[in-house]
Amino acid sequence: MTSRLLPAIVQEVLDNLRKDYEQRSCIEELLLSLNSVFGSTLTEHALELIDDGSVFLILSHQRSIFQIVGSRGDIYTIMETANFCTCNFFKHQVLKDKALCCKHFLAAKVALILGSFKTKNETPEGITSIMISAYGNQES
Ligand SMILES: [Zn+2]
């Protein structure tokens, strides 16, 4: 599989899981599907982040982004529409096609399916500055 195809597949799989869950609201089915697509380790870690209340949807008038607070208090910024994260796992595994996505991205998408996240309102300028600081401070 090419690296350009993989992110599209991840989005499609998650979109389908969301539609299934909307229709049937079957959590067991959702968890089984997540385990079989993403593996039990990644799924468990993503669910832990949701359980810990670490998933925040940051809203402004035009845009929304997710912020995930990692286990060591680091904050990872996720765009809802792009499979991208600022963590090291993403850089070393996902970008090299060794994993489909990171636990932060999966946590954001699954939290959205389950409706299990906290929201914060932010000004458009505030969101822009969050994005600049998230993507501007990457070590190369
Ligand atoms: Zn990540």
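Two strands are said to pair if DSSP finds at least two bridges between them. Helices (H or I, at least four residues) and strands (E, at least two) are themselves DSSP runs, numbered from the N terminus. With those terms in hand, let's walk through the structure. This is a predicted model, in which local features need pLDDT of at least 70 and side-chain atom pairs count only at pLDDT 80 or more, while totals for chains, interfaces and linings use all residues. Residues are numbered from 1 along each chain as its sequence is written.

The protein chain contains six helices and four strands, and along the sequence they follow the pattern α-α-α-β-β-β-α-α-β-α. Its C-alpha atoms fill a box of roughly 40 × 30 × 30 Å along the principal axes. The radius of gyration, taken over C-alpha atoms, can be set against a globule rule of 2.2 Å times the number of residues to the power 0.38. For 140 residues a compact globule would come out near 14 Å, and the protein chain has 15 Å, which agrees.

Next, the contacts. Two residues are in contact if their C-beta atoms, placed from the backbone, lie within 7 Å. Among contacts between residues at least 6 apart in sequence, 60% join residues at least 24 apart.

Now turn to the sheet. Four strands form an open sheet in the order β3-β2-β1-β4, with mixed pairing. β3 and β4 (118–121) stand at the edges, each with a single partner strand, so one side of each has no neighbour in the sheet. Neighbouring strands are turned by 30° against each other on average, direction ignored; the strand axes here are lines fitted to C-alpha atoms.

How do β1 and β2 pair? They run in the antiparallel sense, over five bridges, and a hairpin of four residues joins β1 to β2. With β4, by contrast, β1 pairs in the parallel sense, over four bridges. There, Ile58 has Lys120 in β4 as its bridge partner.

Ile58 sits in strand β1 (residues 55–59). Leaving out residues up to four places away in sequence, Ile58 touches Ser64, Ile65, Gln67, Lys120, Glu122, Ile127 and Ile130. Ile58 has 19 C-beta neighbours inside 10 Å, so Ile58 counts as partly exposed. In the protein chain, buried residues make up 22% of the 140 residues.

Some of the buried residues build a nonpolar core, which is a set of buried Ala, Val, Leu, Ile, Met, Phe, Trp, Tyr and Cys residues joined through C-beta atoms within 7 Å. The largest one has 22 residues, and those with the most contacts inside it are Val55, Ile68, Ile78, Phe105, Leu106, Ala107 and Ala108. At least two residues of this core come from each of α2 (27–38), α3 (40–51), β2 (64–69), β3 (75–79), α4 (88–94) and α5 (103–114). The largest share, six residues, belongs to α5. Ile68 shows how these parts meet: beyond its neighbours within four places in sequence, Ile68 is in contact with Leu49, Ser54, Val55, Tyr76, Ile78, His104, Ala107 and Ala108.

Most residues other than glycine have a negative phi. Ser25, in the loop between α1 (5–24) and α2, has a positive phi near 50°. Asp97, in the loop between α4 and α5, has a positive phi of about 60°. Ser25 counts as exposed because it has 10 C-beta neighbours inside 10 Å, and Asp97, with 12, counts as exposed too.

Finally, an annotation. UniProt places the feature "domain: SWIM-type" at residues 76–113, in an unreviewed entry. Its positions are given in the numbering used here, feature names are shortened, and annotations may be inferred rather than shown by experiment. In the model, this span is 47% helix and 11% strand, and its end C-alpha atoms lie 19 Å apart.

Technical notes. Buried ≥ 20, exposed ≤ 12 C-beta atoms within 10 Å, placed from the backbone. Axes fitted to C-alpha atoms, helices over the stretch in contact; angles between N-to-C directions.
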